[in-house]
Structure formats: structure tokens, C-alpha cells
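Me: I'm new to reading protein models. Could we go through this one together, one question at a time?

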Amino acid sequence: MASPIGVAYIDSLFGLEAPGRGKLGEEELVKMFSEAINVGTDPSATTTKWALLRLVLNQEIQEKLYTIWQREKERCQRKCGVVGGG
């Protein structure tokens, strides 16, 4: 079954714009397309790369993720009696 136009991963790459530098270049698109083709060999790595790309392109999401991570780290440290430790 095909995805509706604009919903598939590859379609979304054409619309990506990095703040301050614009749309992805041809070399970047080719690399991302080849990774999508190889997705069957390592879906976890490809998913991680996609998530990291989205984080790079969205500072607000980065900040939210960091805040959540920091809060959970501190909660775990209190629960486990750990002091400090980046």
C-alpha cells in the first residue's frame, strides 16, 4: 500500500529546511534516500538518524527533550542516592 502524497518519509525530505541554510542539497537528499532504501537492513539506526535530524532542525524540540531528560536524570539520582555525575 502506498502512502498518500506528502506523507512518506522520502516526500518529507523535499520539504525540510534547516534554519539559516535552506533546503537539503542534492548530495544530502541522495544520502537520505539511500538510507531509506537500506532501511530493511537496520531500521533502528535509520530511525535514530531520522530522529536526530528532526532534533537538529527544531531547537524547540531539542530544549523540551533536554528538559525532560534533565528532570528524569535528577529524579533517578534522588531515587538511587546518586550525587552529581553529568
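Me: Leaving out residues up to four places away in sequence, which residues does Trp50 touch?
Reply: Keep in mind that we're looking at a predicted model. Trp50 sits in helix H3. Skip the residues up to four places away in sequence, and Trp50 touches Tyr9, Ser12, Leu13, Leu16 and Met32.

Me: Is Trp50 buried, partly exposed or exposed?
Reply: Buried means under 20% relative accessible area, and exposed means over 50%. Trp50 comes out at 23% relative accessibility, so the label is partly exposed.

Me: What separation is there between the C-alpha atoms of Trp50 and Glu35?
Reply: Along the chain, these two are 15 residues apart. Glu35 is one of the buried residues of H2, while Trp50 belongs to H3. Their C-alpha atoms are separated by 9.9 Å.

Me: Which elements give two or more residues to the largest nonpolar core?
Reply: That core has eight residues: Leu13, Leu16, Ala18, Leu24, Leu29, Met32, Leu53 and Leu57. The elements giving two or more of them are helix H2 (26-37) and helix H3 (43-57). As a bit of background, nonpolar side chains in soluble globular proteins tend to be buried together.

Me: Within what arc do the buried residues of H2 fall?
Reply: The buried residues of H2 are Leu29, Met32, Glu35 and Ala36. Looking down the helix axis, you'd find that they line one face of H2, because they fall within an arc of 125°.

Me: Which exposed residues are on the face of H2 turned away from its buried side, and what covers the buried one?
Reply: Cover for the buried residues of H2 includes helix H1 (9-15) and H3. The face turned away from the buried side carries the exposed residues Glu26, Glu27, Lys31 and Ile37.

Me: What span should H3 have at 1.5 Å a residue?
Reply: H3 has 15 residues, and its end C-alpha atoms are 21 Å apart. That agrees with the span it should have at 1.5 Å a residue, which is 21 Å.

Me: What covers the buried residues of H3?
Reply: First, the buried residues themselves: Thr46, Leu53, Leu55 and Leu57. Their cover includes H1, strand S1 (17-18), H2 and H4.

Me: How far does H4 reach from its first C-alpha to its last?
Reply: Helix H4 takes in residues 59-80, which makes 22 residues. At 1.5 Å a residue you'd expect 32 Å. The reach in the model is close to that, at 31 Å.

Me: Which residue caps the N-terminal end of H4?
Reply: Look for a side-chain oxygen lying 3.1 Å from the backbone nitrogen of Glu60. The residue it belongs to, capping the N-terminal end of H4, is Asn58.

Me: Within what arc do the buried residues of H4 fall?
Reply: H4 has Gln70, Lys73 and Gln77 as its buried residues. Seen down the axis, they line one face of the helix, because they fall within an arc of 70°.

Me: Last one: what pattern does the chain follow along the sequence?
Reply: The chain has four helices and two strands. Read along the sequence, they give the pattern α-β-β-α-α-α.

How values were computed: Residues numbered from 1 in each chain as written. Predicted model: local features only at pLDDT ≥ 70, side-chain atom pairs only at ≥ 80, totals over all residues. Heavy atoms only, no water. Core = buried A, V, L, I, M, F, W, Y, C linked by side-chain atoms within 4.5 Å. Buried < 20%, exposed > 50% of the residue type's maximum accessible area, 1.4 Å probe, protein only. Arc of directions from axis to C-beta. Contact = heavy atoms within 4.5 Å. Expected span 1.5 Å × (residues − 1). Polar contact = N/O pair within 3.5 Å; in protein donor to acceptor, adjacent residues only side chain to side chain.
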